[in-house]
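Student: Please show me the model, and then I will ask about it.

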Amino acid sequence: MLTVKKSLLACVSLVTLLAVLAGCGATPTPQVVIETVIVEGTPEVREVQVTTVVQETIEKVVTPTPPPARDVIIVALSSAPDTLDPADHRNRQSETVIRNMFDGLVTRDSTSGVHLELAEEINWLDDVTLEVKLRQGVKFHDGVEMTADDVVFTFERVINENMIEYPEAHTSPRKGLISPLASIEKTGDYTVVMHFSATWPVAMQMLVHQQIVPKHYLEEVGTEGFVASPIGTGPFKFVSAKGLDEIVMERFDDYYGGAPDLAPVGPACVKQIVFKVIPEASTRVAALLAGEVDIIQAVPAELVDTLSQTPGIQVQGAAGTQPKWIELNVNAPPFDDVRVRQALNYAVDKELIVETIYGGRAVALPGPLSPYNNFVNKSLSPYPYNPEQALALLADAGWTDSDGDGVLDKDGQPFSFTIDTLEEWRPLAEAVAGLFREIGIDANVRFWEYSVVKPMLQAGERQAYLDDWGDSAFDPVGHFEAKWHGFVEGASYGRGNFSGYNNERVNELTKLGEITVDTAERQAIYDEAQQIVYDEAPAVFLILPEEAEAARADILNWMPASDSRINLHDVCIGE
Amino acid sequence: MRAVKILERVLITIPIMFGVAIIVFFFMRLTPGDPVDIMMGQGGAVSTGEMEQLRSEFHLDEPLHVQLWLFLRDAIRGDLGYSYTQKQPVSELIVERLPATIELAVGALAFSLLIAFPIGIISSVRQHSLIDQFSMAGAFLGISMPSFWLGIILILLFAVRLHWLPVQGRLDFGIDLQEITGMYVVDSMLTRNWEAFASSVKHLVLPSVTLGAGVAAIVARVLRSSMIETLRQDYVTLARAKGQIEFLVVMKHALRNALIPTVTVIGLQVGVLLGGNMIVEAVFGWPGLGRLVVNAIFQRDFPLVQGAVMVYALTFVVANLVVDVLYTYLNPKITL
């Protein structure tokens with residue numbers, strides 16, 4: 001958590017030095033392959049450019065010292081997980097690590113949606129009752145078989161109050177992720193029934209994020225013993241952890257194989273895996289170049305190009321889940337006028353930003369949702385870059401350059417405003433402000449720490465805020481609840497709504513979408529909601545960057561996931 | 001007499017720590033940002049009442065004076081509470097991380113003294129010579145180079161390019177080491193595990209150089225100027241007049257007296273080395289206390305920040321005490 005400015009400077013130094021150092025080495029012969037990737041949940045087919053490198057060149061150039069033992073894969077994480085207890089965190093990074101040790105009833109892969117994992121069959125008995133038949137013969141890492149008791153225990157530990165007794169009795173912070181689940185009961189040794197308080201169309205997407213823990217073991221050693229030496233049913237078993245900075249796991253040979261739909265099925269390929277925390281991006285890259293680690297997380301956009309041209313290294317991206325937008329305070333001038341908000345959308349050249357800042361590894365947002373969302377409105381396309389249209393709308397709203405000073409004005413007041421943002425979005429924010437200045441809007445950028453600016457945003461005290469909002473479920477519920485529904489004190493609604501936008505119809509549709517099961521009906525609901533938000537433009541819809549990760553070229557079957565899961569079950573080491 | 005004075009100074013530490021505890025308690029709570037809100041992150045829903053419940057579990061719903069009372073009451077019993085995010089007792093987290101931080105600080109101190117003493121002494125004796133000018137320019141560079149930049153440069157040169165030293169971490173993966181003190185260099189010596197010893201020393205070099213460069217520069221400059229001052233004193237002239245060889249004049253007569261300001265500076269720098277290493281720890285993936293605290297501050301993990309700041313305060317107090325005690329040995333005229 002260094003200041004990002006410092007990290008950026010370090011990255012710039014690194015890029016320069018890498019360029020110099022690369023000049024000293026042999027000339028790489030990269031080979032560009034166009035891979036076709038089906039993006040999850042959408043019938044669209046995207047083409048992804050993957051750079052691979054001719055084998056002879058790799059052998060000449062890469063002489064790692066010391067060479068890591070080749071039955072071990074070392075992954076460099078950007079931050080430490082909070083815990084190894086699947087029920088006691090609200091943190092993506094914890095799941096990244098945990099899901100190699102624990103499996104859930106269902107899982108999700110990067111390209112094809114949700115698949116059965118520990119569940120053999122899932123049936124909705126009615127709109128609010130779900131029957132889950134478990135796979136038989138699945139063993140925990142201590143050899144004990146997983147049964148319905150473990151599943152009931154796992155979910156009760158999450159939804160009931162004060163179930164986690166260590167270090168002081170508390171309720172699982174993951175309760176909110178599965179809040180419609182009212183109760184769960186065992187109906188057979190390998191069957192459970194879940195009762196929901198209301199229809200919950202995203203149940204499958206959200207069940208992915210709950211992993212099954214062993215009842216017998218937790219009852220024996222308690223949470224304290226469990227976090228010190230966790231046991232699951234996943235492809236790898238826990239070996240050791242130094243704090244949570246270095247977590248070592250080894251292959252579980254009795255693994256049942258994982259989701260049968262997702263090949264390869266069977267025990268994991270590599271013998272040992274290690275998750276190491278290296279917070280500084282430049283150091284992660286250096287560690288990969290020096291051969292100390294095999295896979296690195298979160299490659300900064302400015303290093304992607306350099307790394308993909310480095311022999312012996314592969315860089316891959318997955319569709320991101322954190323769209324970026326500038327939320328405009330719709331309750332105060334000048335952004336209380338919809339024409340001004342639309343004008344700002346027309347004033348941003350998103351393609352230019354994608355190319356120059358993200359090296360092409362991002363897409364323009366077609367509206368309030370990610371283009372990869374399962375219910376994106378297909379009829380919407382990104383606001384085109386059209387400065388003339390922007391100026392016309394602004395003139396319509398009374399903003400013209402009446403005094404000829406190059407800045408638009410209205411009633412004697414210049415059009416001047418501040419984009420608040422976080423240090424990590426500096427290049428994006430400054431580029432957007434530059435584009436606004438080009439059409440005569442005096443836009444400035446101010447950097448904050450999120451926790452400091454958030455209360456001001458919710459109180460409507462700021463004008464414009466550029467940030468992202470992550471939601472890896474590929475369903476509109478998350479973004480509509482948090483971002484586009486009006487703010488409701490103490491609830492999920494509008495908890496990330498910083499524009500003050502509050503449209504009754506959108507609120508109504510958001511609530512309807514949460515409980516509507518029929519896909520076509522849901523699509524109609526969200527199409528309408530997206531259209532309203534698109535037209536009323538409470539935000540400047542910017543871009544969605546890819547999640548880029550890098551690995552040594554001999555790491556096979558490896559693919560970054562949109563939800564940042566690093567699934568090492570399938571990954572092998574080549575010759 | 002000296003022992004009584006030292007005991008007195010140790011006892012004074014108690015009200016100081018008490019004051020630090022209260023100050024850090026209020027500062028953390030005055031900083032905007034809600035730990036529970038940060039903890040909930042972005043994705044997924046938060047159920048109604050869930051955040052209130054968490055606040056109540058952390059006692060954040062109590063009035064400030066009640067929270068302060070709970071904190072002080074537990075702290076006196078040695079219980080610093082548990083981390084909101086990691087759900088582990090704060091004292092355990094600190095004890096886990098502190099040895100790595102101490103090892104790095106000691107490494108950096110050793111490096112800086114090893115560099116600073118010869119440079120400081122030689123450039124004072126050969127004032128205005130080429131060596132003097134060269135080393136003072138080097139010292140200037142050492143002070144002005146930001147550690148995140150120096151660290152990255154050293155990594156690229158010695159680890160990525162030359163493969164002489166590792167990029168990050170404390171020990172090569174696959175080497176077993178029985179932990180006794182948590183300081184790997186010490187532990188590997190105690191257990192006569194020479195493979196681990198070599199690996200841990202190698203890992204310590206670059207972070208120590210990065211962290212120690214600034215300190216070396218400061219100490220060298222202070223030592224040089226106080227040596228120049230001392231070398232002009234009458235007793236040095238007398239020593240020379242007695243016909244003592246120059247080496248002894250410098251090392252025995254001048255250096256000892258020039259050490260007092262130098263030791264003061266070193267003492268203060270020890271505090272800096274222990275408490276100001278967040279950047280170096282992040283650059284080298286060094287799992288020390290600094291990184292833990294920076295994350296805790298961003299997460300508004302109050303108990304963890306409080307506990308760690310108290311540890312930092314304690315190291316400053318102890319470093320100062322050690323410096324004061326050292327004075328009395330260097331110059332018997334000084335009393336505690």
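Student: What percentage of the 575 residues of chain A count as buried?

Tutor: This is a predicted model, in which local features need pLDDT of at least 70 and side-chain atom pairs count only at pLDDT 80 or more, while totals for chains, interfaces and linings use all residues. Residues are numbered from 1 along each chain as its sequence is written, and chains are lettered from A and ligands numbered from 1 in the order in which they are written. A residue is buried if 20 or more other C-beta atoms, placed from the backbone, lie within 10 Å of its own, exposed if 12 or fewer, and partly exposed in between. By that count, the buried share of the 575 residues of chain A is 52%.

Student: Is A:Asn160 buried, exposed or partly exposed, and why?

Tutor: A:Asn160 is in the loop between helix 4 (148-159) and strand 8 (181-188) of chain A; helices (H or I, at least four residues) and strands (E, at least two) are DSSP runs, numbered from the N terminus. Because 13 other C-beta atoms lie within 10 Å, A:Asn160 is partly exposed.

Student: Which element of chain A gives the most residues to the side that touches chain B?

Tutor: In all, 59 residues of chain A are in contact with 52 residues of chain B, contact being C-beta atoms, placed from the backbone, within 7 Å. The elements that give two or more residues to that side of chain A include strand 3 (72-77), helix 7 (281-289) and helix 1 (4-24). With seven residues, the element that gives the most is helix 1.

Terms used: Two residues are in contact if their C-beta atoms, placed from the backbone, lie within 7 Å.
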